[in-house]
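Here are my notes on the strand pairing, as numbered points. Have the model open while you read.

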Amino acid sequence: MELTSPVPEAPVIPATAPDDPFRLKPDVMQRLDLAAEFGRPNPVELELGAGDGSFLIQYAAARPETNFLGVERLLGRLRKIGRKARRGGLQNIRVLRLEASYVLRFMIPAGSLAGIHVYFPDPWPKRRHWKRRLVNAAFTGHAQATLAIGGTVFLRTDDVSYFTQMTEVFGANPAFVRVEEPAELLAVKTDFEQEFNARGIPTNHAAYRRVS
Ligand SMILES: C[S@@+](CC[C@H](N)C(=O)[O-])C[C@H]1O[C@@H](n2cnc3c(N)ncnc32)[C@H](O)[C@@H]1O
C-alpha cells in the first residue's frame, strides 16, 4: 500500500554563512517565534520572493518600528540583502532561505502578520504551468490564516494574466476587501519593477485587507 503524507516534505536547503546575523535558521518543522527572532514583539510584515531586497531594505529603513521578514530561495540574493541591511545598520530585517509557500503555510504563526508583500513573483506565463504560481486560491487561505485582522496583502506583477488570477482569487475570498495602497508604499519600486517600467511595461498592483 502506498503511504501518503498530508504535509509536503520540508524543502531544507543546506545552511551557509553561519555568521550572518540577519539569516534565520529555524527548525522547519516548527512555527517561528517571531518576537524571539527579532528580539522584540513589534508588528511583522513578510515579503515572499524578496529578490535582492530592493523593496525590503528601503521599506524597512523607512519603518524602523516594524519587523520585516524576507523569504528568498536564492542564496546570492539573500546574501545581498544581508550586506545591504548591515551597511544600512538595519535591526528590523531577518531573512529565510526557504520555499515561499512552505513558509507561509507551515512556519508563520496564525494571525501574526501585519502585512504580506508579493512583488513580481515568477509569472509562469504558459497555461499548463499556472498551477505553479504562488498566488492562487489556496494562497488566499494561508494569507487569511497568517494575517491579523486588519492585516493586508500587497501584490504587484507585470503579467496581466497573473494579475487577473490574483484579483479573482482574492475577490472570491470573503475574508478580504480590496483597499488602496498608501502612496508611500507604491513609491518604493522593486528592482524588477524599475526594469519593467523602464521598458514601458506598467505595474499591475492591488491590496487586500483581511476583515474577517
Ligand atoms: C522575478 S523575481 C522578483 C524579485 C523582487 N520581488 C523584485 O520585485 O525585484 C522573483 C523572486 O522570487 C524568488 N522565488 C521564486 N520562487 C520562489 C519560491 N518558491 N520560494 C522563494 N523564493 C522564490 C526568485 O528567486 C526571485 O528572486
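1. Start with Arg178, which sits opposite Tyr208 in β7. That contact belongs to an antiparallel pairing of strand β6 (residues 176-179) with β7, joined by four bridges. Strands here are DSSP E runs of at least two residues and helices are H or I runs of at least four, numbered from the N terminus; two strands pair if DSSP finds at least two bridges between them.

2. A word on the source: this is a predicted model, where local features need pLDDT of at least 70, side-chain atom pairs count only at pLDDT 80 or more, and totals for chains, interfaces and linings use all residues. Residues are numbered from 1 along each chain as its sequence is written.

3. β7 (residues 204-210) also pairs with β5 (residues 147-157), antiparallel again, over six bridges. There, Thr157 stands opposite Asn204 of β7.

4. Now the parallel part. β1 (residues 44-48) pairs with β2 over five bridges, and Leu46 has Leu69 in β2 as its bridge partner. With helix α2 (residues 54-62), β1 and β2 make a right-handed β-α-β unit (right-handed: with the strands pointing away from the viewer, the path from the first strand over the helix to the second runs clockwise).

5. β2 is also parallel to β3 (residues 93-96), with four bridges between them; Phe68 is partnered by Ile93 in β3.

6. How many residues of β2 (residues 67-71) are buried? Five of five, where buried means 20 or more other C-beta atoms within 10 Å of the residue's own, with C-beta atoms placed from the backbone. Asn67, Leu69 and Val71 cover one side, Phe68 and Gly70 the other, and all are buried.

How values were computed:
A residue is buried if 20 or more other C-beta atoms lie within 10 Å of its own, exposed if 12 or fewer, and partly exposed in between; C-beta atoms are placed from the backbone.
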